[in-house]
Amino acid sequence: MTEEGLKAVPLVDIDASGIFKYVLIKIYGHETAEAKEPSTTVVRGYADCTWHADIYERVQGIVKKKQLDTECLGGGRIEHNPDKKYIKIYGYSQGFGKADHLVTKRILQTKYKDYEIEASDEGY
């Protein structure tokens, strides 16, 4: 169930437009003493969530129903402009720290192939 459950989880789920907080989350099937395997890393960002923790809690609730676990790898902000086919990733989460924006960029490129995607360590 765990590998099948992981494959069913979309890599990207962000709002269609706007500026909002996001989190980078590792989702894994089971934990052993050596590693958390199998796993996948996903990007989630929603404008209706005030805090990074709100996004993380929403995802935790969904994946726990599929018998999967999560680990938050950090957060930041996303500016999504579909008219210009542009996404900017920047900032950090006060609670979870800064996500690796280059990893976030690579994951976003799987869904937004024809977008210009910029990652910056500047700004909040």
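**Note on the predicted model: annotated residues, salt bridges and backbone**

1. The UniProt annotation "binding site", from an unreviewed entry, covers K21. UniProt positions are given in the numbering used here, feature names are shortened, and annotations may be inferred rather than shown by experiment. Residues are numbered from 1 along each chain as its sequence is written. This is a predicted model, in which local features need pLDDT of at least 70 and side-chain atom pairs count only at pLDDT 80 or more, while totals for chains, interfaces and linings use all residues, and side-chain values use heavy atoms, with hydrogens and water left out.

2. K21 sits in strand β2, residues 18-31. Helices (H or I, at least four residues) and strands (E, at least two) are DSSP runs, numbered from the N terminus. The relative accessibility of K21 is 11%, so the residue counts as buried. Buried means under 20% relative accessible area, exposed means over 50%, and partly exposed is in between (1.4 Å probe, protein chains only).

3. A salt bridge is a side-chain nitrogen of Lys or Arg within 4 Å of a carboxyl oxygen of Asp or Glu. A polar atom of the K21 side chain does lie 2.9 Å from the backbone oxygen of T50. The cut-off for a polar contact is a pair of N or O atoms within 3.5 Å; within protein, one must be able to donate a hydrogen and the other to accept it, and residues adjacent in sequence count only if both atoms are side-chain atoms.

4. For "active site", UniProt lists H52, again in an unreviewed entry. H52 lies in helix α2, which spans residues 52-64. Is H52 buried or exposed? Its relative accessible area is 5%, so H52 is buried.

5. The structure holds four salt bridges. One of them joins D48 to R58, with the closest N and O atoms 2.8 Å apart. D48 lies in the loop between β3 (36-45) and α2, and R58 in helix α2, so the pair ties together parts that are ten residues apart in sequence. D48 is exposed at 56% relative accessibility, whereas R58 is partly exposed at 33%.

6. A salt bridge is also formed between D121 and K98, at 3.1 Å from N to O. This pair links distant parts of the chain: D121 is in the segment after β6 and K98 in the loop between β5 and α3, 23 residues apart. D121 has a relative accessible area of 55% and is exposed; K98, at 42%, counts as partly exposed.

7. K64 pairs with D69 in a further salt bridge, where the closest N and O atoms are 3.7 Å apart. Both partners are partly exposed: K64 has a relative accessible area of 49%, and D69 has 30%.

8. How do strands β5 and β6 pair? Strand β5 (residues 86-90) and strand β6 (residues 116-119) run in the parallel sense, over four bridges. Two strands pair if DSSP finds at least two bridges between them. The bridge partner of I89 in β6 is A119. From β5 the chain crosses through helix α3 (residues 101-111) to β6, in a right-handed β-α-β crossover. Right-handed here means that, with the strands pointing away from the viewer, the path from the first strand over the helix to the second runs clockwise.

9. Two backbone angles deserve a look. Q67 is a residue other than glycine with a positive phi, near 60°. Q67 lies in the loop between α2 and β4 (69-81) and is exposed, at 59% relative accessible area. K85, likewise not a glycine, has a positive phi near 50°. K85 is in the loop between β4 and β5 and is partly exposed, with a relative accessible area of 38%.

10. L6 belongs to helix α1, residues 2-7. At 8% relative accessibility, L6 counts as buried. L6 and N81 are 75 residues apart in sequence and 29 Å apart in space, C-alpha to C-alpha.
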